[in-house]
Amino acid sequence: MPERVRPNEIEAAVRVLVRGDRAAAKRFLDYARSTRLDLEQTWVIRNPDGRIGFTALAAPAAGRTAMVFGTRPGSKTEVAIAGRLLAAVAEGCRELGVDLAQALIDPSDALEEAMFIAGGFRRLAQLDYLERPVPRFGTIPSPELPADVDILAWDGNRAELIELLELTYQDTLDCPGLAGLRRTTDILAGHLASGTREPEWWHVLRIDGVPSGTLLFNRGSDGHSIELVYLGLVPTARGRGLGRTLLTYGLAALDGDASRTVVLAVDRANHPAVGLYRRAGFRHSVRRTAMVRPLDETLA
């Protein structure tokens with residue numbers, strides 16, 4: 001049966017999580033200590049001899065979300081066992097006020113996906129992680145804007161940005177399965193907490209003074225990258241090439257920064273966005289399957 005790990009067994013539980021890889025376990029624990037990661041939601045299932053056989057844990061994040069990790073099953077017979085443990089961890093997240101449990105898994109690993117499905121998760125999308133070098137020496141000039149378009153730094157008006165974000169989600173092709181699973185206030189909280197926000201990198205596009213699009217970059221927590229957190233246009237602004245204009249404007253504003261790469265994640269089924277990023281010089285890095293389990297019944 002699933003049970004919370006004993007405080008003196010955290011290290012052993014993490015080693016089981018990474019299938020005995022001591023170096024990986026040390027890296028995880030060092031990261032947890034340095035970031036003060038809350039490991040309260042670490043659960044285990046024991047073997048008949050009392051030793052830990054499976055571990056699952058949830059790492060809470062801003063915006064009422066948590067990233068869930070679990071020991072990969074070694075066979076089909078272990079899928080149900082590991083799934084029960086993941087379900088216990090997800091339910092435990094409710095105590096932390098989490099609305100959405102998430103996981104990113106290898107898309108080629110059928111056993112791992114089956115484990116998360118057994119734990120009540122569902123496939124959201126396959127995400128392509130893309131990257132490109134930070135622009136240097138004016139290689140990306142700032143675009144000429146149409147007469148009715150302005151792009152300015154976000155002025156900190158949260159209510160206006162929340163309303164704008166909600167409009168950009170209408171008929172979106174980027175992870176449409178997320179629609180309605182989170183409050184927009186929580187989504188904005190997550191964007192604000194992702195890495196380090198640089199105010200001059202949060203852009204709002206206005207058409208005739210009306211907020212109609214947004215592009216958000218944050219400095220990555222690794223100190224070497226810049227993350228494209230979000231790019232979206234309201235429906236009435238689409239079809240004019242303004243996505244390319246906004247992205248080009250944002251990349252030009254990054255010119256000469258000390259970071260090495262600009263990174264992003266995009267739903268690979270969102271072909272217009274993938275094409276936009278490819279034309280802007282982004283190249284494929286890795287692919288992951290996003291799994292989700294809604295925890296707030298009023299939203300799910």
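**A chat about the fold and its aromatic pairs**

Me: How many helices and strands does the chain have?

Reply: The chain has eight helices and 12 strands. Keep in mind that this is a predicted model.

Me: And how compact is the chain for its length?

Reply: As compact as a globular protein of that length, because its radius of gyration is 21 Å, close to the 19 Å that the globule rule gives for 300 residues. Its C-alpha atoms fill a box of roughly 75 × 40 × 30 Å along the principal axes.

Me: What share of the residues counts as buried?

Reply: 48% of the 300 residues. As for contacts between residues at least 6 apart in sequence, 73% of them join residues at least 24 apart.

Me: On to the sheet. What is the strand order?

Reply: The sheet is open, has 12 strands and mixed pairing, and its order is β1-β2-β3-β4-β5-β12-β6-β11-β10-β9-β8-β7. At the edges are β1 (3-4) and β7 (149-153), each pairing on one side only.

Me: How do β5 and β12 run, parallel or antiparallel?

Reply: Antiparallel, with six bridges joining β5 (residues 100-105) to β12 (residues 283-294). I105, for one, has T289 in β12 as its bridge partner.

Me: Which strands does helix α7 touch?

Reply: Helix α7 (residues 242-253) packs on the sheet and touches β6 (122-133), β7, β8 (196-207), β9 (210-219), β10 (225-233) and β11 (261-267). The direction of α7 makes about 150° with that of β8.

Me: What about helix α1, which strands does it lie across?

Reply: Helix α1 (residues 10-17) lies across β2 (42-46), β3 (52-61) and β4, and runs at about 100° to β3.

Me: Different topic. How many aromatic pairs are there?

Reply: Five. One of them is F28 with F69, an edge-to-face pair at 6.5 Å centre to centre and 75° between the planes.

Me: Where in the chain do F28 and F69 sit?

Reply: In distant parts: F28 is in helix α2 (residues 22-34) and F69 in strand β4 (residues 65-70), 41 residues apart. F28 is buried, since its relative accessible area of 18% is under 20%. F69, at 35%, is partly exposed.

Me: Y277 and F282 also pair. How far apart are their centres?

Reply: 5.8 Å, with 70° between the planes, so this pair is edge-to-face. Y277 counts as buried at 7% relative accessibility, and F282 counts as buried at 0%.

Me: Last one: what sits over the ring of W202?

Reply: The charged end of R197, 5.0 Å from the ring centre.

Definitions and conventions. Residues are numbered from 1 along each chain as its sequence is written. This is a predicted model: local features need pLDDT of at least 70, side-chain atom pairs count only at pLDDT 80 or more; totals for chains, interfaces and linings use all residues. Side-chain values use heavy atoms; hydrogens and water are left out. Rings of Phe, Tyr and Trp (its six-membered ring) pair if their centres lie within 6.5 Å; planes under 30 degrees apart count as stacked, over 60 as edge-to-face and the rest as tilted. Helices (H or I, at least four residues) and strands (E, at least two) are DSSP runs, numbered from the N terminus. Buried means under 20% relative accessible area, exposed over 50%, partly exposed in between (1.4 Å probe, protein chains only). A charge sits over a ring if NZ of Lys or CZ of Arg is within 6 Å of the ring centre and within 35 degrees of the ring normal. Two strands pair if DSSP finds at least two bridges between them. Contact means heavy atoms within 4.5 Å. Axes are lines fitted to C-alpha atoms, for helices over the stretch in contact, and angles run from 0 to 180 degrees between N-to-C directions. The radius of gyration is taken over C-alpha atoms; the globule rule is 2.2 Å times the number of residues to the power 0.38.
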